[in-house]
Amino acid sequence: MATREQLQELARLRLREAEALFAAGFYDGCAYLCGYVVELALKARICATLSINSYPERSRLKPAFLIHELDDLKLLAGMENEFTLAHQSRFNNWSIASKWKPERRYEPEGTYSQADAQEILDAIRLGPDGVLTCISSRW
């Protein structure tokens with residue numbers, strides 16, 4: 001599996017790709033990639049939390065790590081308290097970003113409007129309370 005640094009680089013790359021898709025008017029693709037930005041960032045944070053260099057893929061605990069569920073990854077990353085009502089703005093951004101599921105790849109064209117994609121992008125990338133900003137400060 002990827003190293004912590006590779007996961008960090010991939011998260012930043014997927015964000016740039018999502019931004020490019022948004023700029024080109026591909027709002028569904030933008031929204032979809034935003035979920036992977038968060039997933040990759042959380043997996044990098046899990047490596048930091050566990051003091052390991054690579055994300056676990058060969059382990060007795062394999063089923064616990066080979067997941068895409070953002071709420072479960074947030075728990076494994078030790079970030080439950082970062083996205084609570086005590087941090088209202090971060091909580092709001094997490095609520096937007098964490099609606100993502102990999103199964104969304106089957107959603108039809110036009111599922112996300114420009115405003116929808118903009119909301120998701122902003123939730124992960126903007127300001128000190130953006131989801132990626134918060135996670136990357138601890139990865």
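Predicted model: local features only at pLDDT ≥ 70, side-chain atom pairs only at ≥ 80, totals over all residues.
**Exercise 1.** Determine how helix 2 and helix 6 are oriented to each other, and which residues make their contact.

*Solution.* Begin with the geometry: the axes of helix 2 (residues 27-50) and helix 6 (residues 114-125) come within 9 Å and cross at roughly 20 degrees. Angles under 35 degrees count as roughly parallel, and helix 2 and helix 6 are therefore roughly parallel to each other. Their crossing is left-handed. Next, list the residues: helix 2 contributes Tyr 27, Cys 30, Ala 31, Cys 34, Val 37 and Val 38, while helix 6 contributes Gln 114, Ala 117, Ile 120, Leu 121 and Ile 124.

**Exercise 2.** Carry out the corresponding analysis for helix 5 and helix 6.

*Solution.* Helix 5 (residues 88-97) packs with helix 6 at an angle of about 130 degrees, the axes being 9 Å apart. This angle makes the two helices oblique to each other, and the crossing of helix 5 and helix 6 is left-handed. On the side of helix 5 the contact involves Asn 93, Ile 96 and Ala 97, which meet Glu 119, Ile 120, Ala 123 and Ile 124 in helix 6. The residues of this contact divide into five nonpolar, one polar and one charged.

**Exercise 3.** Trace the salt bridges of Glu 82 and state which parts of the chain Arg 138 and Glu 82 tie together.

*Solution.* Glu 82 forms a salt bridge with Arg 90, with 2.8 Å between the closest N and O atoms. The side chain of Glu 82 also meets that of Arg 138 in a salt bridge of 3.1 Å, N to O. Arg 138 lies in the segment after helix 7 (131-136) and Glu 82 in the loop between helix 4 (70-76) and helix 5, so this pair ties together parts that are 56 residues apart in sequence. As for accessibility, Glu 82 is buried at 18% and Arg 90 is buried at 13%, whereas Arg 138, at 32%, counts as partly exposed. Finally, Glu 82, Arg 90, Asp 129 and Arg 138 are linked in a network of salt bridges.

Key. Residues numbered from 1 in each chain as written. Heavy atoms only, no water. Axes fitted to C-alpha atoms, helices over the stretch in contact; angles between N-to-C directions. Helix = DSSP H or I, 4+ residues; strand = E, 2+ residues; numbered from the N terminus. Parallel < 35°, antiparallel > 145°, perpendicular 65-115°, else oblique. Left-handed = near helix turned anticlockwise from the far one by under 90°. Contact = heavy atoms within 4.5 Å. Nonpolar A, V, L, I, M, F, W, Y, C, P; charged D, E, K, R; others polar. Salt bridge = Lys/Arg side-chain N within 4 Å of Asp/Glu carboxyl O. Buried < 20%, exposed > 50% of the residue type's maximum accessible area, 1.4 Å probe, protein only.
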